[in-house]
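Subject: Structure handover

Hello,

My notes on it follow below the files.

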Amino acid sequence: MPDAHRHHMSPDEFRRHGRAVVDWVADYLERVEQLPVRAVVAPGDVRAQLPQSPPQHGEPFAEILADVDRVIIPGLTHWQSPNFFAFFPANNSGPSILGELLSAGLGVQGMLWATSPACTELETLVLDWVVELLGLPDRFHSDGAGGGVLQDSASSATLCALLAARERVTGGDAALAGTDQPLTVYASQEAHSSVDKAVRIAGLGSAALRRVATDERHALRPDALATAIAADRAAGRLPCLAVATAGTTSSNAFDPLAAVGEICHDERVWLHVDAAMSGSAAVCPEYRWIHDGLEFADSYCFNPHKWLFTNFDCDCFYVADRAALVGALGVQPEYLRNAATATGAVIDYRDWQIPLGRRFRALKLWFVLRSYGVDGLRAAVREHVALAQQFAGWVEDDPDWELAAPAPLNLVCLRHAGGDAVTQAVMDRCNDSGAVYLTHTRLDDRFTLRVSVGAWQTRREHVVALWQRLRDTATAVVADAD
Ligand SMILES: *Cc1c(COP(=O)(O)O)cnc(C)c1O
């Protein structure tokens, strides 16, 4: 019989190749600044360079890694580049990458406490640390009725919040409420598309979502929320969930959590607060105003995988009362019964999320928190905010440009005085140059550039160069149009 085991990588081979990969990653992070930030490939280019069938025989590891350089790297957009100012940050860091490697190396499943106790207990501890780190309300700490869990994304957190809200408002009889009394959900016009998705996945139907009007700062208007809820009640519908955003994706607007929270409290509507990107700012006490009123929230989430140096995926999701969440998502098949669960003394995180299986995500966040310390995280976030604020100041002082929205933290929205066409042309030319990457939004129905600062290698020189490039490009665009 042939020895099947010879196909596995031996520990010695793993040591050798593993060191090569760690060196490869270090080299990549060192040279990423030199690469064109945005991928310069046409659809199908990447695939066309690779075999269309899997190899019959195993290939040498060095050849596999060489193909990463040859084919994969040119087909990537480099989110870790210091010249990446697009969308939102999705930063990583050395400690996070190494925590991720350890998690893969351990390969444990943390669906139950019993399937790897340390996986669950470290997660609960780290999430409690984060309550302190961000100054979150005590009700999210695991020593009370609430607690936190790591989800893959803010989208999953929003969906879980909706399922828990439905559980609470219907007393667990979702089917009955769905037919007799349609459930309704509220979020501002600027709330993330993951709210639409959650409403659809939960089976409420897109019509169940009320997009509530915003004010001149693009924040949700509490009076409009109250009116919408009252109208639905009058029509016999059952208001279920409101999603408030602390830092909208488009323009970094902050919904007034206290005013929204009071309405939700009086109306017995579940309030979920989505702080996916901006929650990280609260590591600094001077930015904790972003969470004013959060004590009203039934659930909350933010993404360390955006702006807290923890590579994707890592979303911290908290509930004030875990009973509704576990009521909505708990399962107990025979093959998962065990003594620890039966005592009720342990957390089984399978009941706090959609999938059953779960990996050891807490490890990388724990590595980040320990490696940076509170001081290190504050310094890094403060630097990004300071850079964005300097940039916003330059925009304000330049008669050819204007701020398109308030820029309280690390996102700056701007437009050229020449109008939509000029602003868009400037963005396209800058992106085509490969030197930087920016994306856009529409605010007040006008084309708006977004400059999002948050890659860990971004320094002042990169932001200075970006501003110079934007101005030079605008001069060229305007000259070409004349
Ligand atoms: C980025 C973002 C999301 C989506 O985050 P995922 O983790 O990718 O699901 C949701 N809401 C806000 C406000 C965001 O900034």
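Ser153 sits in the loop between β1 and α6. Helices (H or I, at least four residues) and strands (E, at least two) are DSSP runs, numbered from the N terminus. Ser153 counts as buried because its relative accessibility is 16%; buried means under 20% relative accessible area, exposed over 50%, and partly exposed in between, with a 1.4 Å probe and protein chains only.

Before going further, the conventions. The model is predicted, so local features need pLDDT of at least 70 and side-chain atom pairs count only at pLDDT 80 or more, while totals for chains, interfaces and linings use all residues. Residues are numbered from 1 along each chain as its sequence is written, and side-chain values use heavy atoms, with hydrogens and water left out.

Overall figures

The secondary structure comes to 16 helices and eleven strands. A compact globule of 482 residues would have a radius of gyration near 23 Å, and the protein agrees with this because its value is 24 Å; the radius is taken over C-alpha atoms, and the globule rule is 2.2 Å times the number of residues to the power 0.38. The C-alpha trace spans about 75 × 60 × 45 Å along its principal axes. Of the 482 residues, 49% are buried. Among contacts with a separation of 6 or more, 74% are between residues 24 or more positions apart.

Domains

The domain assignment gives domain 1 (108–359) and domain 2 (368–481); such bounds come from an automatic or database assignment. Their C-alpha centres lie 31 Å apart. The contact between them takes 28 residues from domain 1 and 28 residues from domain 2.

The seven-stranded sheet

This open sheet has seven strands in the order β1-β7-β6-β5-β4-β2-β3, with mixed pairing. Two strands pair if DSSP finds at least two bridges between them. At the edges are β1 (147–151) and β3 (209–212), each pairing on one side only. From one strand to the next the twist averages 20 degrees; axes are lines fitted to C-alpha atoms, for helices over the stretch in contact, and angles run from 0 to 180 degrees between N-to-C directions.

Strand β2 (residues 183–188) pairs with β3 in the parallel sense over four bridges, and Tyr186 has Arg210 in β3 as its bridge partner. Helix α9 (residues 222–234) packs on the sheet and touches β2, β3 and β4, its direction making about 165 degrees with that of β2. Helix α6 (residues 154–170) lies across β1, β2, β4 (238–245), β5 (270–274), β6 (299–302) and β7 (315–319), and runs at about 150 degrees to β4.

The four-stranded sheet

A further open sheet has four strands in the order β8-β9-β11-β10, with antiparallel pairing. Its edge strands, each pairing on one side only, are β8 (401–403) and β10 (439–443). Neighbouring strands are turned against each other by 40 degrees on average, direction ignored. Strands β9 (residues 411–416) and β11 (residues 446–452) pair in the antiparallel sense over four bridges; Leu414 has Leu449 in β11 as its bridge partner. Helix α14 (residues 362–397) packs on this sheet, touching β8, β9 and β11, and its direction makes about 20 degrees with that of β9.

Regards

Note on methods
Contact = heavy atoms within 4.5 Å.
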